[in-house]
Amino acid sequence: MLPFEYARASAVDEAVNLLAADTGASYLAGGTTQLDLMKDGVLAPERLVDITRLPLRGITRDGDGLHVAALTTMEELAADPTVVEHLPIVRQSLLLGASTQLRNMATIGGNLLQRARCRYFRDPTVPECNKREPGSGCAAVAHTARMHAILGVSERCIAVHASDLAVALVALDAVVHLQGRSGLRSVPLTQFYREAATSPDVENVLVHGELITGITIPFLPAMATSGYLKVRDRASYEFALASAGVALVTQDGTISQARVGLGGVGSKPWRSLEAEQVLTDAPATEETFREAAAAAVQGAWTVPGTAFKVELAQRTLVRALRNISGVAS
Amino acid sequence: MAKALSRQRYAQGARDTPVALSVNGRQYKLHLDARVTLLDALRDHMGLPGTKKGCDQGACGACTVHVNGRRVLSCLTLAAQCDGQEVTTIEGLATPDGPHPLQESFVRHDGFQCGFCTPGQIMSAVALMAEGRAGSDDDVREFMSGNLCRCGAYANIVAAVRDVASAGGADASL
């Protein structure tokens, strides 16, 4: 790890100003991605601004939904009574997302910004990585891929966005609140991320110095059922090969509202409006679920190592929908 | 060039980060390079080598300690971030009356082979009980999945934790 200067911010304005004035500076929250990548030599900020003491913790609710301050930990959000009672999709995505130790450290804002787990991105001795060095190529496309994306990708980059929580949140139309030097703005999470197909090195719409201060999670209709299913190589403590965050409102056997997020397969947390369109106003049956799953993977771009994910993502989505609708296979 | 010069400047001032920590009830005042993790501060600067460095990148759980009562990975925590916080390590578990019940249970159930992951396993298990997640074998497996044991002593680790949990677990908390 290269030397850096450590600074601790005690107010949001102070943190934003420190960053905005210094292009070599980065924020430090839970550290679970930042310090890991600094140890690997992928990131080398000259200054870390520790934001963990900022007054950005806690969860409140009102008519618009649940407001989660950015430094709330994954463990705290998973334990929130409203999340436990009304948002199983969020709770499950959090509990399946990391070990308890990591959930006690990782913040909600940081979770949204976690970097790719692509082993070529994380190994600076590999010269080809458009995410690290724009224009250098993509080693994952040229060599062995497996834990990689099939949606929103191209020969330029096939890194997957590894967050489970963000998959649930794009499905729920969550909104991210940002503070920068020029003021505040709010961005729907579905418009927050860029796709690796066109923008491997710039992953989101943040400008340097902008800080995530919180998110708003709108509530689902009271009748909705929801859940998050994660398929992986180990039973626990592993990144997704494929995952699905889903919610349905079903009346008399007909689906009136559907939300579909897919993980482990997209270069960004993937919202499938195509699948939702198939599901909406259709009977809640296995056949409908399969048709929706087929629509979700239209446009998949694969390399030999990721071709299996086209089928796996569909099966994962079908099973997730089955689980929350009670439809037998 | 400007970048190289500023790096040099940071390197020269590298021991300038003051850190005050309470570890196992004892106060430490240190001046550290900003890069020093809580793990390295414990092992190399406070003489507390019980916490182990396994992967040093947040994947194995060997470095698990408690910060303000919550289990965290000390390898991905900067010491400077813990300024003013309460840290508990494996060295802080035993009392003058003897080992912690979970330490005794690990010995009784042979919950290790080489022993390298054991301090992390036990610190995780103590937190697990406080979180109320030791109610079944499946819960122990799921909520201790961040602690890897390459010897494969998992079955005995689960037995050791469940034994203390089913005995009431009250004596197991800190």
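**Entry 1: two helices in chain B.** I looked at how H3(B) meets H6(B), and found that H3(B) passes H6(B) in a right-handed crossing. I am working from a predicted model. I noted B:Pro101, B:Leu102, B:Ser105 and B:Phe106 as the residues that H3(B) brings to the contact. From H6(B) come B:Ala160, B:Asp163 and B:Val164. I sorted the residues of this contact by class: five are nonpolar, one is polar and one is charged.

Next I looked up the angle. Helix H3 covers residues 101–108 of chain B and helix H6 covers residues 154–166 of chain B. They pack at about 135 degrees, and their axes are 8 Å apart. H3(B) and H6(B) are therefore oblique to each other.

**Entry 2: a sheet in chain A.** I then turned to an open sheet of four strands in chain A. I read its order as E9-E10-E11-E12, with antiparallel pairing. Which are the edge strands? They are strand E9 (225–231) and strand E12 (270–271) of chain A, and each pairs on one side only.

I followed E9(A) to strand E10 (residues 242–251) of chain A and found seven bridges joining them. In E10(A), A:Val246 stands opposite A:Gly227.

I also found a helix lying across E9, E10 and strand E11 (254–263) of chain A: helix H12 (residues 308–325) of chain A. H12 runs at about 35 degrees to E10(A).

**Entry 3: where the chains touch.** I looked up the contact between the chains: 26 residues of chain B meet 22 residues of chain A. On the chain B side, helix H1 (2–12), strand E4 (70–73) and helix H5 (137–143) each give two or more residues. I noted 10 nonpolar, 10 polar and six charged residues on that side.

Definitions and conventions:
Residues are numbered from 1 along each chain as its sequence is written. Chains are lettered from A and ligands numbered from 1 in the order in which they are written. This is a predicted model: local features need pLDDT of at least 70, side-chain atom pairs count only at pLDDT 80 or more; totals for chains, interfaces and linings use all residues. Two residues are in contact if their C-beta atoms, placed from the backbone, lie within 7 Å. Ala, Val, Leu, Ile, Met, Phe, Trp, Tyr, Cys and Pro count as nonpolar, Asp, Glu, Lys and Arg as charged, and the others, Gly among them, as polar. Axes are lines fitted to C-alpha atoms, for helices over the stretch in contact, and angles run from 0 to 180 degrees between N-to-C directions. Angles under 35 degrees count as roughly parallel, over 145 as roughly antiparallel, 65 to 115 as roughly perpendicular and the rest as oblique. A crossing is left-handed if the near helix is turned anticlockwise from the far one by less than a right angle, and right-handed if clockwise. Two strands pair if DSSP finds at least two bridges between them.
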